[in-house]
There are 2 protein chains.
Amino acid sequence: MSKPRQLHLGAFMRPVSIHTGAWRYPGAYPDANFNFNHLRKFAQTLERGKFDAFFMADHLAVLNMPIDALKRSHTVTSFEPFTLLSALAGATERIGLVATASTTFDAPYHVARRFASLDHISGGRAGWNIVTTSNPDAALNFGLDDHMEHDERYRRAREFYDVVTGLWDSFADDAFVRDVTSGLFFDPSRMHVLDHKGKYYSVRGPLNIARPVQGWPVIVQAGASEAGKQLAAETAEVIFAAHNSLADGQRFYADVKGRLDKLGRARDSLKILPGALVVVGDTVEEAREKRAKVDSLVDYANAIASLSIALGHDASKFDPDGPLPDIPESNASKSGRERAIALAKRDNLTVRQLAQRLGGFGGFAFVGTPKTIADEMEEWLVSEGSDGFNLMFPFLPAGLDDFVDKVVPELQRRGLFRREYEGPTLRDHLGLARPSNRFFAPA
Amino acid sequence: MSKPRQLHLGAFMRPVSIHTGAWRYPGAYPDANFNFNHLRKFAQTLERGKFDAFFMADHLAVLNMPIDALKRSHTVTSFEPFTLLSALAGATERIGLVATASTTFDAPYHVARRFASLDHISGGRAGWNIVTTSNPDAALNFGLDDHMEHDERYRRAREFYDVVTGLWDSFADDAFVRDVTSGLFFDPSRMHVLDHKGKYYSVRGPLNIARPVQGWPVIVQAGASEAGKQLAAETAEVIFAAHNSLADGQRFYADVKGRLDKLGRARDSLKILPGALVVVGDTVEEAREKRAKVDSLVDYANAIASLSIALGHDASKFDPDGPLPDIPESNASKSGRERAIALAKRDNLTVRQLAQRLGGFGGFAFVGTPKTIADEMEEWLVSEGSDGFNLMFPFLPAGLDDFVDKVVPELQRRGLFRREYEGPTLRDHLGLARPSNRFFAPA
């Protein structure tokens, strides 16, 4: 009897949580942005739960929001991903470590070196979440007045990826002979000078570090645009997606896996992991109460401003504790407006609750008991909505502890999720092959 | 009775050692460039020895040497400093962590963030070794065909430093009030937008991380040129110097401390730590034998090529096992030539031994017993040759273990070196004040 398809689980982390109300939740750590001990504990809990990877969210600027919203947001600061994940590498044994790095605001030689170094330090657990950085405030921190347009960013990203992976292949896996007797440290015929001269980058190489333990760190992307999906189909091994429903997930899954077919790539060489908030209770009611509680900690003035933008209509005049009234058509994005209206209806939310829901975390969520959450996850997996999830926790540490202590065992009982790591590397966890070296056949 | 002046000790590290023959020494770890476990052990040993800091050497390219020399050199690869030191932060408690970062090939926003993050992760143990990167091969890895000229590099370095330190001051130390009840995470009046527009850099800010634990990570420099010394006097808190003798050290010490006087800086606000190889034996003879042994592991063909360059004369025709013959004048650098001749005479070296000495590590060295080494270090300290040393070990782990187990206790007995760390931060170890924030007075 063959094993059922296996779930892959990442944790998409900010130090306090993705949810903007989380720092005020009872038992939360409001100082997690500055206190590494909390992050070490979270990573160790995720490793106890056999997660595939710890994904570190990142931004290259203080988030662009009005100061009255910003001053209430724990997202104003964070740790820098390379330093944080390297420190976590020293505090964990098995869990994968995925760092976000921008192709628009960093140099390929630095990025190639840092990921190779993290991969060596961690024994093969590094992953690179490739982002092209669309935040115009980031451009201003890197000497650019105008942010680069979308297609240009993606063309640069593709060349950047080619350079980085080429640099990782600078040395054959067997280049370093280290023959103490003869004094030969490495075989120069097993070193390749890249000498890349492209449209955007000119990089000679070789990289001054051995080939990563994994050959290449795992390549992760989150692009949802046409250019993003195509870049992912050509290069990614994990996609961090964002969907509103299983049906959305299935459409995306079929689209991207179809692109793999056309490119001659095996379907299981790319794992699709939609983001999902997960809120666990002993009853569905308790889970909903926890979510309502953390939502209620989102500042109302900011939340109503967000709702007004979503609706294209000033919501501050509505009765906060009444239902969402009918609203005339407007110029607002139709999808955002329809989504807000549907959400209010589905969950029977007051204006206040709807505003705080959208202001806290408006994306897809699993809210229920270990059994209902495992049921839903299983349905996504079986019906080809995803290969797993990149989970977010509504508050820390309790929201994470609940998932690891209650939902993971249920997934394990169903045979959907590992009970032990089967190998040492992130590629092993994800079931991804080690890439061959483009310049050297194995010896 | 006041305490005598205290020595400050850094360890200037490459994974295998600075000495090019070290990887072949009995008991050495030829795989240290790829094996983090060895580096963790070295850092923990240095911490046991109460060292002020672990300094990570760095280069932004494979070292520029003929391939026949390169293939015999363990310096061809290494770990990347931010990732390595962050991992070491997780494996140590007290020792300072100094990373080399280039002002020519990186962006000030990245550098400011990474050091701030390392400082938070390590509880205030980060230091920035500012280098301007003179290696032309590095330029080719970063898209530049011509390397920048020396003075231009230093002008950029000064502006880069101003931007980085300005970004570190983005938030007052008390900005993050984190008031769970009111929902105020930080006080926006305690955040400063840098908005730097200079000759070389345009950086808006603020930095998206809180002010470092130390205010600023400790500023380290190694410049020995006129521009380098002046930049150091204006900005550095530690100078990593290179001298050939105590007399050289005294001249440099008087020069730099005199510059501080002119700038109105306190003399003890900048510590001068010359680099020194340290080889410990139970007898002076044994120490010399250890050094001769590790020198003998340097490839002779490469060594003789180095000697020929130093002498400006083809040394390959000399009898390897005879004394250095008289050599006619040449166009070679007079100082290099005179130094080689003086070294051969002082230590009574054959041609082979002289070549391998220069090829292994040609700089200043302490070679002797715990007592003679402590005597020499004390003389440097007392006679204002330095404020301590940035030590290098001829081979690892034994060369490091010998120093920590035998020389450190002798220095402690003399009251010249701490028996315990007195505070948690690198500034505490070095006796350096925490910089005030240029934008905010203390609350």
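## Where A:Asp58 sits

Let's start with one residue: A:Asp58 is found in the loop that runs between β2 (53-56) and α2 (67-70) of chain A. Keep in mind that everything here comes from a predicted model.

Is A:Asp58 buried or exposed? Its relative accessibility is 19%, and because buried means under 20%, A:Asp58 counts as buried. Leaving aside residues up to four places away in sequence, A:Asp58 touches A:Phe79, A:Pro81 and A:Thr100, plus B:Arg113 from the other chain. With B:Arg113 there is a polar contact between the side chains, at 2.6 Å.

The side chain of B:Asp58 meets that of A:Arg113 in a salt bridge, with 2.6 Å from N to O. In total, the rule finds 8 salt bridges across the interface of chain B and chain A. Polar contacts link 36 residue pairs between the two chains, counting pairs with both residues at pLDDT 80 or more.

## How the two chains meet

How many residues of chain B are in contact with chain A? The count is 69, and they meet 69 residues of chain A. Together the chains bury about 6,200 Å², with carbon and sulfur atoms giving 62% of that area. On the chain B side, B:Phe34, B:Arg113 and B:Phe185 lose the most area to chain A, together 11% of what that side buries.

Which parts of chain B do the touching? At least two residues each come from α1 (36-48), α2 (67-70), α3 (81-89), α4 (108-121), α5 (136-141) and β6 (202-203) of chain B. The largest share belongs to α4(B), with 8 residues. Sorted by type, the side of chain B that touches chain A has 35 nonpolar, 20 polar and 14 charged residues.

## The annotated binding site

Back in chain A, an unreviewed UniProt entry places the feature "binding site" at A:Asp58, A:Thr100, A:His150, A:Tyr154 and A:Ser225.

A:Tyr154 is part of helix α6 (residues 150-168) of chain A. At 15% relative accessibility, A:Tyr154 counts as buried. Not counting residues up to four places away in sequence, its contacts are A:Thr132, A:Gly223, A:Ser225, A:Ala227, A:Gly228 and A:Leu231.

Terms used:
Residues numbered from 1 in each chain as written. Chains lettered and ligands numbered in written order. Predicted model: local features only at pLDDT ≥ 70, side-chain atom pairs only at ≥ 80, totals over all residues. Heavy atoms only, no water. Contact = heavy atoms within 4.5 Å. Buried area = accessible area lost by both parts, 1.4 Å probe. Salt bridge = Lys/Arg side-chain N within 4 Å of Asp/Glu carboxyl O. Polar contact = N/O pair within 3.5 Å; in protein donor to acceptor, adjacent residues only side chain to side chain. Helix = DSSP H or I, 4+ residues; strand = E, 2+ residues; numbered from the N terminus. Nonpolar A, V, L, I, M, F, W, Y, C, P; charged D, E, K, R; others polar. UniProt positions renumbered as here; feature names shortened; annotations may be inferred. Buried < 20%, exposed > 50% of the residue type's maximum accessible area, 1.4 Å probe, protein only.
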